[in-house]
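Have the sequence and the 3D view open while you read. We'll take the fold a piece at a time, starting with the whole chain and then going into its parts.

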Amino acid sequence: MESEHPDAQVRVAGGGEGDMTKVGVYRDPDAEEDTAAAIFRSFLAREAPYNTSQEVLVNTPGRYVEAFRELMGVHDDPWDFTTFESDCDEMVIVKDIHFVSLCEHHLLPFMGHAHVGYLPDGRIAGLSKIARTIQACSRGIWTQEHLTMKIADVIEEALQPLGVGVVLEAEHTCMSIRGVKSNGSKTTTSAMRDAFRDTTKGARAEFLGLIR
Ligand SMILES: [Zn+2]
């Protein structure tokens, strides 16, 4: 199951590499850097003329663009989602994984914690791979809803589990530092697949109970 997000930054290329699933970003890291900094430089000169020192005009736009590109994940190397054969048939949960992403409506950060659970079907994930998936997926420009679905897609593709659940809790700075200034409010989204979606089987309730 693939979430439909036109700007998806993360790819999963399964098959042909044994048990590894490549996860990474497509973008050329050297594209448009000078143009982007120049545009931001002229924006600053026009919008903040009262406070544009030489330092601000000369070096800050490049730094800003670099920081933005880091949040976009353009410097991240693709990596392998390693899985192992296992007879474990109990739920695996990794919770409180910190993430930062950019909201697609304001290009401002939203950040918080992700909780992931899955029911293995013969394979388990390498120890750090769930946290790494959250970090790799959250790079880029997302709605929280689509990011949640994308994380579930990647884990589903790599592990082919009996079910997967993903819950994201995040503060959106576009709401907390501007606009309605609802400081401290959290947005929660979830993606439940297969056994986690079936409310009669108990996996969903067990997962939601254990991440509290
Ligand atoms: Zn926003």
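First, some ground rules. This is a predicted model, where local features need pLDDT of at least 70, side-chain atom pairs count only at pLDDT 80 or more, and totals for chains, interfaces and linings use all residues. Residues are numbered from 1 along each chain as its sequence is written.

**The whole chain**

The protein chain has seven helices and nine strands. Both are DSSP runs numbered from the N terminus: helices are H or I with at least four residues, and strands are E with at least two. Of the 212 residues, 31% count as buried. Here, buried says that 20 or more other C-beta atoms lie within 10 Å of a residue's own, exposed says 12 or fewer, and partly exposed is in between, with C-beta atoms placed from the backbone. Now for contacts, where two residues have their C-beta atoms, placed from the backbone, within 7 Å. Among contacts with a separation of 6 or more, 73% join residues 24 or more positions apart.

**The sheet**

Which order do the strands of the five-stranded open sheet take? It goes β7-β4-β5-β8-β9, and the pairing is mixed. Strands count as paired if DSSP finds at least two bridges between them. β7 (141-142) and β9 are at the edges with a single partner strand each, so one side of each has no neighbour in the sheet. As background, strands of a sheet pair through backbone hydrogen bonds, either parallel or antiparallel.

| Strands | Sense | Bridges | Facing residues |
|---|---|---|---|
| β4 (residues 92-103) and β7 | parallel | two | Leu-102 and Ile-141 |
| β5 and β8 | antiparallel | ten | Tyr-118 and Val-164 |
| β8 and β9 | antiparallel | eight | Leu-168 and Thr-189 |

β8 itself is largely enclosed by the rest of the structure, because eight of its ten residues are buried.

Start with α5, which covers residues 144-159. How many of the 16 residues of α5 are buried? The count is 13, so this helix is largely enclosed by the rest of the structure. You can check its length too: the expected span of a helix is 1.5 Å times one less than its number of residues.

Next is α4, which lies across β4 and β5 and runs at about 15 degrees to β4. That angle is taken between N-to-C directions on a scale from 0 to 180 degrees, using axes that are lines fitted to C-alpha atoms, for helices over the stretch in contact. Seven of the ten residues of α4 are buried, so α4 is also largely enclosed by the rest of the structure. Among the buried ones are Ile-130, Ile-134 and Cys-137. Just after α4, Gly-140 has a positive phi of about 110 degrees.

**The nonpolar core**

A nonpolar core is a set of buried Ala, Val, Leu, Ile, Met, Phe, Trp, Tyr and Cys residues joined through C-beta atoms within 7 Å. In soluble globular proteins, nonpolar side chains tend to be buried together. The largest core here has 32 residues, and Ala-114, Ile-151, Ala-152, Ile-155 and Val-166 touch the most other members. Elements giving two or more residues to this core are β5 (109-119), α4 (129-138), α5, β8 (163-172), β9 (187-194) and α7 (203-210). The top giver is α5, with eight residues.

Leaving aside neighbours within four places in sequence, Val-166 is in contact with Ala-114, Val-116, Thr-148, Ile-151, Ala-152, Ser-190 and Ala-191.

**A few more residues**

Leu-107 lies in the loop between β4 and β5. Its phi is near 55 degrees, a positive value in a residue other than glycine. Is Leu-107 buried or exposed? Leu-107 is exposed, because 12 other C-beta atoms lie within 10 Å.

Asp-194 sits in strand β9 and has a positive phi as well, near 50 degrees. Asp-194 is partly exposed, with 18 other C-beta atoms within 10 Å.

Finally, find Arg-69 in helix α3 (residues 60-72). Arg-69 and Gly-140 are 71 residues apart in sequence, yet 8.6 Å apart in space, C-alpha to C-alpha.
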